[in-house]
Amino acid sequence: MPTKRDYYEVLGVSKDASDEDIKRAFKRLAIKYHPDRNKDPDAGEKFQEINEAYQVLSDPEKRSAYDAGGFDAVDGSRGPGAGSFDFGGADFATIFDTFFSEGGFGGATGGRRRGGRRAGPVPQRGRDMRIVLDLTLEEAVKGISKDIKLNVMRTCPDCHGEGSTDPKSRKECPYCHGSGVIVSQNGIFHVQRTCDHCHGEGFILTKPCKRCNGAGRVLQQRTVHVTIPGGLDTGQYVTLSGEGESGLHGGPSGDLIVVVRVKEHELFKRDGDNLYCEVPISFATAALGGKVTVPTLDGKIVLTIHPGTQTGTTLRLNGKGIQSPIPGRPKGSLFCVVTVETPVNLNDYQKDLLHKLEQSLDGEDSADGEGENKGNSSVASHKPKTESFGEKVKSFIKNLGK
């Protein structure tokens, strides 16, 4: 008779292995060496050895006896056919259903089972719901509370989620015999799939609830109160726990996720906690300086425009932006971007004035022939960008000819 190997060695685990480690090792080896799958002549004998080791090490009392006294201490538990885990004559489907349907290899529905059958309906968490809430910039900045109407699957008030008002209506599924799965053979493999008739529940209803037709939930319109804190931006959200779809078979409800979408504003553009506002000024104000009134979220404010201000000049107003909902972050700023507005719809008189101004800036003779502009020596100071651009163009053209 062959020499017996240590049970821990057979399963490839240490002596301080946990129950889960032992079970996991057996699953792996059982799949590898079961005769229905492994056609090696020694596979059957190897499987019996694995099975025997698992019978002892999976039982706390037998394991303690084995640790203390070795094989002799568990003699009554050794040998083929001994104990409640004898799979010598079982097919691979039995092995799979008994050991692998509880999460280790992802049984079809992951439900609780007893003797290959479900111990009852499995509680399932309801699905989360996601809705988009459109807000004005003012609402998003200050925060808002409002009621929202939505249609959501909630527990049926007639059957209270049971699917039937008759307790005797629930019967074991005759197709999967309460397991929730159907096992079929494909060559040497056994394929497990969710039962098509009970949809993995393991039971069917002979008298389903008339209101929900056995689903346990009905579509209801509900009003949910939502509070949006100030400072949220597009894409950010708040979560209302338990306000989503109701769970099944006593499972918890899902959550309602309210996603914020901020509408475009006619004056401001938002970038994080900062705001940008385009401020048009007249040609004369840009050249001579002056005052201009600009809007803020707290009301209007007067800005000073310095002489010679150019288009694109940005004036920053600290603390006039948006207060972030994140504690400790400073309030954002308002950036006023100046745009010099070109006069339009000019009459002849106005055009003549602009021509004279242009001639004066260029250092040419005035229209009445009274001599040259005395500022001729500082033409560049009148048009700094024009002068700079002209020099860059000359340099570029010159380099092209090389």
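Predicted model: local features only at pLDDT ≥ 70, side-chain atom pairs only at ≥ 80, totals over all residues.
Reader: Which residue takes a positive phi just after α4?
Author: Gly70, with a phi of about 75 degrees.

Reader: OK, how many helices and strands does the protein have?
Author: There are 10 helices and 17 strands.

Reader: How much of the protein is buried?
Author: Of its 402 residues, 33% are buried. Buried means under 20% relative accessible area, exposed means over 50%, and partly exposed is in between, using a 1.4 Å probe and protein chains only.

Reader: Which residues touch the most other members in the largest nonpolar core?
Author: Leu150, Val226, Ile228, Leu256 and Val258, out of 36 residues in that core. A nonpolar core here is a set of buried Ala, Val, Leu, Ile, Met, Phe, Trp, Tyr and Cys residues joined through side-chain atoms within 4.5 Å.

Reader: What is Leu256 in contact with?
Author: Skipping neighbours within four places in sequence, Leu256 contacts Met129, Ile131, Leu150, Val224, Val238, Thr239, Leu240, Glu243 and Gly244. Contact means heavy atoms within 4.5 Å. There's also a second, separate core of 20 residues, including Tyr8, Val13, Leu29 and Val56.

Reader: Why would nonpolar side chains end up like that?
Author: In soluble globular proteins, nonpolar side chains tend to be buried together.

Reader: Which residues make the nonpolar surface patch, then?
Author: Phe389, Val393, Phe396, Ile397 and Leu400, covering about 540 Å². Patches use residues with over 30% relative accessible area and no salt bridge; like charges are joined within 9 Å, and nonpolar side chains (Val, Leu, Ile, Met, Phe, Trp, Tyr) within 5 Å.

Reader: Where does Phe389 sit, and is Phe389 buried or exposed?
Author: Phe389 is in helix α10, residues 384–400. Phe389 counts as exposed, at 58% relative accessibility.

Reader: New topic: how many salt bridges are there?
Author: The whole structure has 22. A salt bridge is a side-chain nitrogen of Lys or Arg within 4 Å of a carboxyl oxygen of Asp or Glu.

Reader: Which residue pairs with Glu245 in a salt bridge?
Author: Arg127, at 3.1 Å from N to O. Glu245 is in the loop between β10 (237–240) and β11 (256–262), while Arg127 is in the loop between β2 (117–118) and β3 (129–135), so the pair ties together parts 118 residues apart in sequence. Glu245 is buried at 8% relative accessible area, whereas Arg127 is exposed at 59%.

Reader: And what does Glu243 form a salt bridge with?
Author: Arg222, with the closest N and O atoms 2.9 Å apart. Glu243 lies in the loop between β10 and β11 and Arg222 in strand β9 (residues 217–228), so this pair links parts 21 residues apart in sequence. Glu243 is partly exposed at 22% relative accessibility, and Arg222 is partly exposed with a relative accessible area of 22%. Elsewhere, salt bridges that share partners join Arg5, Glu9, Lys46 and Glu49 into one network.

Reader: Where is Ser324, and what does Ser324 touch?
Author: Ser324 is in the loop between β16 (314–317) and β17 (334–340). Not counting residues up to four places away in sequence, Ser324 touches Asp273 and Arg329. Ser324 is buried, at 8% relative accessibility.

Reader: Last one: how far apart are the C-alpha atoms of Leu267 and Cys277?
Author: They are separated by 6.0 Å, with the residues 10 apart along the chain. Leu267 lies in the loop between β11 and β12 (268–271) and is partly exposed at 42% relative accessible area.

Terms used:
Residues numbered from 1 in each chain as written. Heavy atoms only, no water. Areas by Shrake-Rupley, 256 points an atom, 1.4 Å probe, with all protein chains shown as cover. Helix = DSSP H or I, 4+ residues; strand = E, 2+ residues; numbered from the N terminus.
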